[in-house]
Amino acid sequence: MTGKATSEAPVSSLGETAPEPAKVPTIEPSGQAAAPESTGQEQAPEPQKPESQALDPAAPEASAKPATTKSEPPSEDVPSAPLQLTLEDVSHSSLTVSWEPPEKLGKLGLQGYVLELCREGASEWVPVNPRPVMVTQQTVRNLALGDKFFLRVTAVSSAGAGPAAVLDHPVHIQEIVEPPKIRVPRHLRQTYIRQVGESVNLQIPFQGKPKPQASWTHNGHALDSQRVNVRSGDQDSILFIRSAQRSDSGRYELTVHLEGLEAKANIDILVIEKPGPPSSIRLLDVWGCNAALEWTPPQDTGNTELLGYTVQKADKKTGQWFTVLERYHPTTCTISDLIVGNSYSFRVFSENLCGLSDLATTTKELAHIQKADITAKPKGFIERDFSEAPSFTQPLADHTSTPGYNTQLFCSVRASPKPKIVWMKNKMDIQGDPKYRAVSEQGVCTLEIRKPSPFDSGVYTCKAINVLGEASVDCRLEVKASATH
């Protein structure tokens with residue numbers, strides 16, 4: 001033998017006395033033949049039929065395994081029984097069996113094999129293929145879910161069918177069981193935080209065949225059907241809370257059951273709200289421009305950890321509150337840089353993930369920043385003269401420009417009092433010419449020439465004049481004419 005050939009055959013419902021012609025099984029062999037065919041042209045004989053006599057009711061296996069025909073010892077012309085009949089695969093609607101060729105093929109040669117099925121509890125063997133086929137593996141399809149079958153295969157030659165090789169145990173056609181598995185979304189693998197009043201909508205996908213059963217618990221107890229809605233389908237389970245409350249916090253466990261198998265997943269939910277204000281606050285001490293405060297943590301933290309405290313101050317004159325400290329963790333602090341002569345009130349907010357508390361705890365007494373009894377002794381003040389004649393700290397630089405593009409000239413001047421700036425072109429004053437825009441700011445002098453042309457080339461001068469003198473700087477501007485082609 002050089003290989004193993006296979007074929008597939010649909011099978012109609014077993015036990016019918018007259019199957020419909022449309023459901024007659026067909027064989028589609030593929031691969032190499034298990035043994036050479038006989039050269040004879042005669043038709044292959046029918047496979048063996050079971051005895052019609054009733055089985056002995058006292059026999060222990062009479063109800064489980066069908067009787068097989070008792071035959072005389074095979075002659076040398078009849079092949080022996082196939083070897084190693086094995087069930088390769090079983091699904092919800094098909095099965096696959098394989099076998100090895102018999103040791104003896106018979107003198108007349110092997111014509112093929114006939115595979116037969118018998119429903120459990122029945123005595124009739126139904127051939128899968130009406131004619132012998134030269135394959136050593138067959139797949140039978142279109143089987144009914146829940147059926148149990150016995151299988152046997154016989155080798156056939158022109159002299160007849162040899163003894164059958166029978167599968168020891170019946171084959172049960174049942175749906176393939178896929179163990180349940182829960183796929184928790186990534187954002188639910190850590191604590192899922194919601195605020196009071198928000199909705200909770202969890203969709204947890206799972207796998208499993210046939211359809212598994214899903215159930216939920218909250219902290220090990222059954223869910224409150226008045227508050228929590230659960231809808232489970234073939235591939236996911238949805239837990240929905242319309243308006244979450246702090247009592248909904250805890251661990252939710254999803255369990256998926258399937259024929260003795262189960263998978264579990266835990267989801268932690270935390271429902272939070274804004275914290276309460278600090279329980280109390282008092283002014284410890286006031287000295288200089290400083291005030292020391294102390295407060296106690298709030299009784300209600302909002303079902304989560306505090307992020308800190310926000311401390312604010314307000315002076316008695318304006319009553320406006322200003323934030324001094326944010327997300328401050330200790331419960332004591334010192335407020336500095338208070339203004340002498342003012343009186344201050346202080347208040348403290350608590351803060352968590354939901355934000356600041358709606359109310360704040362305010363000090364009952366004011367912090368008075370007293371004026372110190374200090375007598376000022378002014379020293380003689382000598383006024384300094386900052387007058388200065390103009391001088392350019394940054395001169396003008398020669399510049400080359402392209403026609404049609406605005407050009408700017410820069411320089412910087414130093415003078416006190418502020419000097420008057422005059423711009424000139426080729427020693428001619430250009431003040432008031434709309435083509436030029438002169439700007440002087442913080443000692444930086446700028447002359448903008450709008451869309452210059454070659455005519456605007458020349459020497460430009462910036463002159464600064466005040467009562468103490470004057471200074472000037474020059475530069476040359478060249479506007480190159482564009483080349484013509």
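A residue is called partly exposed when its relative accessible area falls between the buried range, under 20%, and the exposed range, over 50%. In this predicted model, Leu87 has a relative accessibility of 32%, so Leu87 counts as partly exposed. Leu87 belongs to strand 2, which covers residues 83-90. Apart from neighbours within four places in sequence, Leu87 is in contact with Leu95, Thr96, Val97, Leu167 and Val171. Leu151 lies 64 residues from Leu87 along the chain, and the C-alpha atoms of Leu87 and Leu151 are 9.3 Å apart.

Five aromatic pairs are counted in the model. One of them joins Trp295 and Tyr309 in an edge-to-face arrangement, with 5.6 Å from centre to centre and 70° between the planes. Trp295 is part of strand 20 (residues 290-295) and Tyr309 is part of strand 21 (residues 308-315), so this pair ties together parts that are 14 residues apart in sequence. Trp295 and Tyr309 are both buried. Tyr344 and Phe346 also form a pair: the ring centres are 6.5 Å apart and the planes meet at 25°, so the pair is stacked. Tyr344 has a relative accessibility of 4% and therefore counts as buried, and Phe346, with a relative accessible area of 0%, is buried too.

Ring pairs also build a cluster, in which Trp295, Tyr309 and Tyr328 are linked.

Technical notes:
Residues are numbered from 1 along each chain as its sequence is written. This is a predicted model: local features need pLDDT of at least 70, side-chain atom pairs count only at pLDDT 80 or more; totals for chains, interfaces and linings use all residues. Side-chain values use heavy atoms; hydrogens and water are left out. Rings of Phe, Tyr and Trp (its six-membered ring) pair if their centres lie within 6.5 Å; planes under 30 degrees apart count as stacked, over 60 as edge-to-face and the rest as tilted. Helices (H or I, at least four residues) and strands (E, at least two) are DSSP runs, numbered from the N terminus. Buried means under 20% relative accessible area, exposed over 50%, partly exposed in between (1.4 Å probe, protein chains only). Contact means heavy atoms within 4.5 Å.
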